[in-house]
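Please walk me through this structure, one element at a time.

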Amino acid sequence: RLDAARRELPEPARLLADRVLAVRADWATRYEPQALGALDVMKTRYHGDYHLGQVLVVKNDVMIIDFEGEPARPLAARRDKHCPLRDVVGMVRSFNYAAQAALRQVTADGASRRTMLASLVSDWEQRSRAAFLAGYAETAQDSPGYPASPDQMALLLTLFTLEKACYELRYELDNRPDWVTIPLSGLCELLLLPTKDVPR
């Protein structure tokens, strides 16, 4: 889908797209089922569409809403059990979206402070991600849905982050092409691809 759409993308998004497309075969091979080995984690019910927009703070309490799962998926697929780390990744990617959307809004007038603000936004995102993952680990580490092996945990987080960022990419290509740089930047970060030279 990205390959088909790349010609229509503005230059910054096209540069990011070219970098992602150049390494897709390597990453597809890396995450084939036989390459993953045996995973020791229990499937369970999970939210299925967990992000900042599903969390309300009311009277000094937190409420999580909309447990019907991802609306674009068939009902049968939303009922399936899976690894709850998919929800963890949904929230982590949501921090990235919140940070990038805020940066876009604040610098929409072409403000020259983008570099300084990008650094602050990146710092907020990294701190939010670290705090969320630490809190989740502290709470869930003894549950059967949490991998006992740190290597398996890292592998699953990477795999589900790739899956989520690719879903976001499809969504933005279909609905908000001007936002496509957000998931493309996330994919570049995950795949350790350089982005500093890409104009914003």
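**Helix, hairpin and cysteines**

In this predicted model, helix α2 bends by about 50 degrees at R24. The helix covers residues 11-30, and its end C-alpha atoms lie 29 Å apart. At 1.5 Å a residue, its 20 residues should span 28 Å, so the distance between the ends agrees with the expected span.

Which residues of α2 are buried? They are A13, L16, A17, V20, L21 and W27. These buried residues pack against three helices: α1 (2-5), α7 (150-175) and α8 (181-190).

The next element is a strand pair. Strand β1 takes in residues 55-58 and strand β2 residues 61-64; the two run antiparallel and are joined by four bridges. Together β1 and β2 make a hairpin, with two residues between the strands. In that turn, K59 has a positive phi of about 50 degrees.

How many disulfides does the model contain? The count is zero, a disulfide being a pair of cysteine sulfur atoms within 2.5 Å. For C166, the nearest cysteine sulfur belongs to C188 and is 11 Å away, so by that cut-off C166 is in no disulfide. C188 is likewise in no disulfide, with the sulfur of C166 as its nearest at 11 Å.

Note on methods:
Residues are numbered from 1 along each chain as its sequence is written. This is a predicted model: local features need pLDDT of at least 70, side-chain atom pairs count only at pLDDT 80 or more; totals for chains, interfaces and linings use all residues. Side-chain values use heavy atoms; hydrogens and water are left out. The expected span of a helix is 1.5 Å times one less than its number of residues. The bend at a residue is the angle between axes fitted to the seven residues ending there and the seven starting there. Buried means under 20% relative accessible area, exposed over 50%, partly exposed in between (1.4 Å probe, protein chains only). Contact means heavy atoms within 4.5 Å. Two strands pair if DSSP finds at least two bridges between them.
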